[in-house]
Amino acid sequence: MAQTEKLILASGSPRRVELLAQAGIEAARLMPMDIDETPKRSEHPRSLARRLSTGKAQAALAAIKGDPAHAGSYILAADTVVSVGRRILPKTEMVDEASSALHLLSGRSHRVFTGVCLITPDRTVRQKVIDTKVRFKRLSTTDIEHYLASGQWRGKAGGYAIQGIAGSFVVKLVGSYTNVVGLPLYETLTLLSGEGFDVHAGWADA
Ligand SMILES: Cc1cn([C@H]2C[C@H](O)[C@@H](COP(=O)(O)OP(=O)(O)OP(=O)(O)O)O2)c(=O)[nH]c1=O
């Protein structure tokens, strides 16, 4: 894929790589950043998404500091947070966490916030948080049991992945679908092109 500017994606999420590729953008380098993602006491989900996406981008910037190979690179990072009201749901690693999250999401609306942070070659930091409102059907015990057995909740904010089986739980979605999967494409490409990144350079080869 021909890409004029170099883009570092400060992420280990295969979803984010795939979403960028879907939009015709290939990251020159993937840099998963292991930062502390613990919410602060009574932190708003929007603030958490902002803080963590910026933290991942800043950590990647610190890691490439002084490396001439990355002097002209853009750095992109994101963080997705699911909340019911002000309650932040964890990125589920254990089955009981996923079970509680699904019981909470059943038959009601929740919000998905994705923070996107872009650091430009001149090291300007640009940040946005996008939110999507999602309403789930009422989940039966059988739905939840079988969904837990699928394992599709593992490592996902809020204990589900809309791009899989859980897409069938969605009664209504208001806002960006790709935001829920982990990277809001319209807003990310707008941010990149606004900072001089040629978003069209790889489209012929996408
Ligand atoms: C709600 C939802 C989340 N997710 C994923 C997106 C993110 O990968 C994950 C939320 O965790 P994040 O901490 O945002 O990202 P991550 O740790 O997976 O990756 P990174 O290296 O970029 O920090 O949940 C889905 O894939 N589908 C969904 O429907």
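**Ligand shell and helix packing**

The face of α6 turned away from its buried side carries Y186, S193 and G194, which are exposed. Before I go on, note that this is a predicted model.

Staying with α6, which spans residues 185-194, the buried positions are T188, L191 and L192. They lie on the same side of the helix, because the arc they cover around the axis is only 95 degrees. What do the buried residues of α6 pack against? Two strands, β6 (109-119) and β7 (125-136). After α6 comes G196, which has a positive phi, near 90 degrees.

Now the ligand. The shell around the ligand has 25 residues, and the closest are S11, G12, S13, I162 and G182. Which elements supply at least two shell residues each? They are α1 (14-22), β3 (74-84), β8 (156-157) and α5 (177-181). Of the shell, β3 gives the most, with 4 residues. Sorted by class, the shell contains 10 nonpolar, 8 polar and 7 charged residues.

Last, the helix pair. A pair of packed helices is described by the angle between their axes and by the distance between the axes. For α3 (residues 95-105) and α4 (residues 141-150), the axes come within 10 Å and cross at roughly 145 degrees. The crossing of α3 past α4 is right-handed. On the α3 side, the contact is made by V95, A98, S99, L102 and H103; on the α4 side, by I144, Y147 and L148. That contact has 6 nonpolar and 2 polar residues, with no charged ones.

How values were computed. Residues numbered from 1 in each chain as written. Predicted model: local features only at pLDDT ≥ 70, side-chain atom pairs only at ≥ 80, totals over all residues. Near = placed C-beta within 6 Å. Nonpolar A, V, L, I, M, F, W, Y, C, P; charged D, E, K, R; others polar. Buried ≥ 20, exposed ≤ 12 C-beta atoms within 10 Å, placed from the backbone. Arc of directions from axis to C-beta. Contact = placed C-beta atoms within 7 Å. Axes fitted to C-alpha atoms, helices over the stretch in contact; angles between N-to-C directions. Left-handed = near helix turned anticlockwise from the far one by under 90°.
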